[in-house]
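Subject: A structure for you to explore

Hi there,

Here is the structure I promised to pass on. Have a look around it first, and then read on for what turned up.

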Amino acid sequence: MASGTGSNAAAILSAVDRGDLQAHVTTIISNRSDAGVIDIAAQHGVPSHVVPRKDFDSRNAQQRRMLELLQMTQTEFVALAGFSSILKPEIVTAYPNQILNIHPSLLPAFAGGMAPQPQAEALKAGVKVSGCTVHLVTNAIDAGPIVAQAPVPVLPDDTVDSLSKRILEQEHQLYPMVLQWFADGRTHISDGQVHVGPEENQVIWPKSEH
Ligand code: GRF
């Protein structure tokens, strides 16, 4: 489910095409007809569905249609990749611990906003490290169990764009990797924390430039 450029969706679909991610992408659902992700779906031969708010009386009705599409396409697992609406409890409940989101900060810092707000907040706060987080979606916004994180440095001359670009590069590594853990059934959740088989490190550290 995505609303924007779709670079994360592209990274996921490319990982599937390469065989690095053993998954079948059933559908891409967007709430925006002008989202770049629609073209990306077409390039990869994946059917997409646009479900705009204006076609429905309420957000609940809109999301009921999205849930219907997920069920009709026999979707077992959902990846939010820049999806601009907050999921209603009906969808969250239908997919317990089966919905992931990617957020452009090291949660719980800078939770809540859509990109590029978290990146702008990180710059404003003067943090020296930011990054991205993949987490399970619950009804608490950006506060579901963290699955994996990738930190990146914040450089003195960074702009929102340059920081966002550095974070996005990590997002594109992190998201397909985490999805493969779920495809392999290698994650387990206890006490609200996600654990992955011992050989997996749930952090992607930046490559040393030295
Ligand atoms: C990313 O920054 C992601 O962390 C956030 O929305 C943005 C989506 O970018 N949730 P894209 O559409 O995948 O390029």
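A molecule is said to sit in a pocket if more than half of its atoms lie within 2 Å of the grid points of that pocket. By that rule, the ligand here sits in the largest pocket. Please keep in mind that this is a predicted model.

Which residues surround the ligand? They are Gly4, Thr5, Gly6, Ser7, Asn8, Gly82, Ile102, His103, Pro104, Ala115 and Glu171. Two elements, helix 1 (7-18) and strand 4 (99-103), each supply at least two residues of this shell.

Now zoom in on the oxygen atoms of the ligand. Ser7 places a polar side-chain atom 2.5 Å from a ligand oxygen. With Asn8, the backbone is involved: one of its N or O atoms lies 2.8 Å from an oxygen atom of the ligand. Pro104 also has a polar backbone atom, found 3.5 Å from a ligand oxygen. On its own, the ligand has 370 Å² of accessible area, and the protein covers 91% of that.

Next, turn to the strands. Strand 5 (residues 129-136) pairs with strand 6 in the antiparallel sense, and the pairing runs over 7 bridges. To find your way along this pair, look for Gly131, which stands opposite Pro151 in strand 6.

Why is strand 6 (residues 146-153) described as largely enclosed by the rest of the structure? Because 6 of its 8 residues are buried, where buried means under 20% relative accessible area.

Enjoy exploring!

Best wishes

Key: Residues numbered from 1 in each chain as written. Predicted model: local features only at pLDDT ≥ 70, side-chain atom pairs only at ≥ 80, totals over all residues. Heavy atoms only, no water. Buried < 20%, exposed > 50% of the residue type's maximum accessible area, 1.4 Å probe, protein only. Helix = DSSP H or I, 4+ residues; strand = E, 2+ residues; numbered from the N terminus. Pairing = 2+ DSSP bridges. Near = heavy atom within 4 Å. Polar contact = N/O pair within 3.5 Å; in protein donor to acceptor, adjacent residues only side chain to side chain. Areas by Shrake-Rupley, 256 points an atom, 1.4 Å probe, with all protein chains shown as cover. 1 Å grid on protein atoms, 1.4 Å probe; cavity = no way out; pocket = protein on both sides within 12 Å on 5 of 7 lines; lining within 4 Å.
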